[in-house]
Amino acid sequence: MNSSTAVENIYLLVIVTLISVLQNAFFAQKVERECQKENKHTPSFERVSCANRNCMDAYPTFLAVMWCAGVCLSQAPAAFAGIIYLLVRQKYFIGYLGDTSQSTPGYMFGKRIIGFLLLMCILGIFNFLLCRYYGSDYKEYTETITNAASALLLLP
């Protein structure tokens, strides 16, 4: 496999990862701005700091399942779910800065997206094992199903 073929199989995942890095920089900048204020123990600093911590706690899980789903099954629905997750995480972060109850829909939606990506990982690994040990390759069928199912992520 030459390098252009390898990049072709992961470029969408790379783009989503880079966008997520920019989003993390935005979150860190918000925390830094609140930290530079004279009184660092204000409720607004606590909220922005907590929102950033919560987003960072879920970040490794998100990256792991997005990359596993993209590599093991199909990069397009994994990258699409990744973009939706980043939008939801933005909604969660901004919602947390106001009333913390505004962040709940973003949190719940984010969990659903992580679950979808995890399911994609499991299907991809299961298909690999079927192909390897039984000679049955269902990757085309599972890709079709996940491509269609990724659109369902847009439903509230």
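Reader: Taking buried as under 20% relative accessible area, exposed as over 50% and partly exposed as in between (1.4 Å probe, protein chains only), is Cys-68 buried, partly exposed or exposed?

Author: Cys-68 counts as partly exposed, because its relative accessibility is 37%. This is a predicted model, in which local features need pLDDT of at least 70 and side-chain atom pairs count only at pLDDT 80 or more, while totals for chains, interfaces and linings use all residues. Residues are numbered from 1 along each chain as its sequence is written, and side-chain values use heavy atoms, with hydrogens and water left out.

Reader: Where is Cys-68 found?

Author: Cys-68 is found in helix H3. Helices (H or I, at least four residues) and strands (E, at least two) are DSSP runs, numbered from the N terminus.

Reader: And which residues is it in contact with, leaving aside neighbours within four places in sequence?

Author: With those neighbours left aside, Cys-68 is in contact with Leu-73 and Cys-121; contact means heavy atoms within 4.5 Å. Cys-68 and Cys-121 are 53 residues apart along the chain, and 5.6 Å separates their C-alpha atoms.

Reader: What about confidence: what is the mean pLDDT of the protein chain?

Author: The mean is 86, and 94% of the residues reach 70 or more. Here pLDDT is the predictor's confidence in each residue, from 0 to 100.

Reader: What share of the residues counts as buried?

Author: Of the 156 residues, 36% count as buried. The accessible surface of the chain comes to about 9,300 Å², and carbon and sulfur atoms account for 66% of that surface. These areas come from the Shrake-Rupley method with a 1.4 Å probe; for residues, only the protein chains shown count as cover.

Reader: Changing topic: how many aromatic pairs does the structure hold?

Author: It holds six aromatic pairs. Rings of Phe, Tyr and Trp (its six-membered ring) pair if their centres lie within 6.5 Å; planes under 30 degrees apart count as stacked, over 60 as edge-to-face and the rest as tilted. The pair of Phe-26 and Phe-27 is tilted, because the planes stand at 55°, with the ring centres 5.9 Å apart.

Reader: How far apart in space are Phe-116 and Phe-27?

Author: They lie 25 Å apart, C-alpha to C-alpha, and 89 residues apart in sequence. Phe-116 is in helix H5 (residues 104-134).

Reader: Why does Phe-116 count as buried?

Author: Phe-116 counts as buried because its relative accessibility is 11%. Apart from neighbours within four places in sequence, its contacts include Pro-77, Ala-81, Thr-146 and Leu-153.

Reader: And where is Ser-74 placed?

Author: Ser-74 is in the loop between helix H3 (43-72) and H4. Ser-74 is buried, with a relative accessible area of 12%. Beyond neighbours within four places in sequence, Ser-74 is in contact with Ala-69, Met-120, Glu-143 and Asn-147.

Reader: Finally the surface: which residues make the nonpolar patch?

Author: Val-7, Tyr-11, Ile-15, Ile-19, Ile-83 and Leu-87 make a nonpolar surface patch of about 520 Å². Patches are made of residues with over 30% relative accessible area and no salt bridge: like charges are joined within 9 Å, nonpolar side chains (Val, Leu, Ile, Met, Phe, Trp, Tyr) within 5 Å. A salt bridge is a side-chain nitrogen of Lys or Arg within 4 Å of a carboxyl oxygen of Asp or Glu.

Reader: Which helix gives the most to the patch?

Author: H2 gives the most, with three residues. Helix H2 (11-35) and helix H4 (75-97) each supply at least two. Val-7 is found in helix H1 (residues 3-8) and is partly exposed, with a relative accessible area of 48%.
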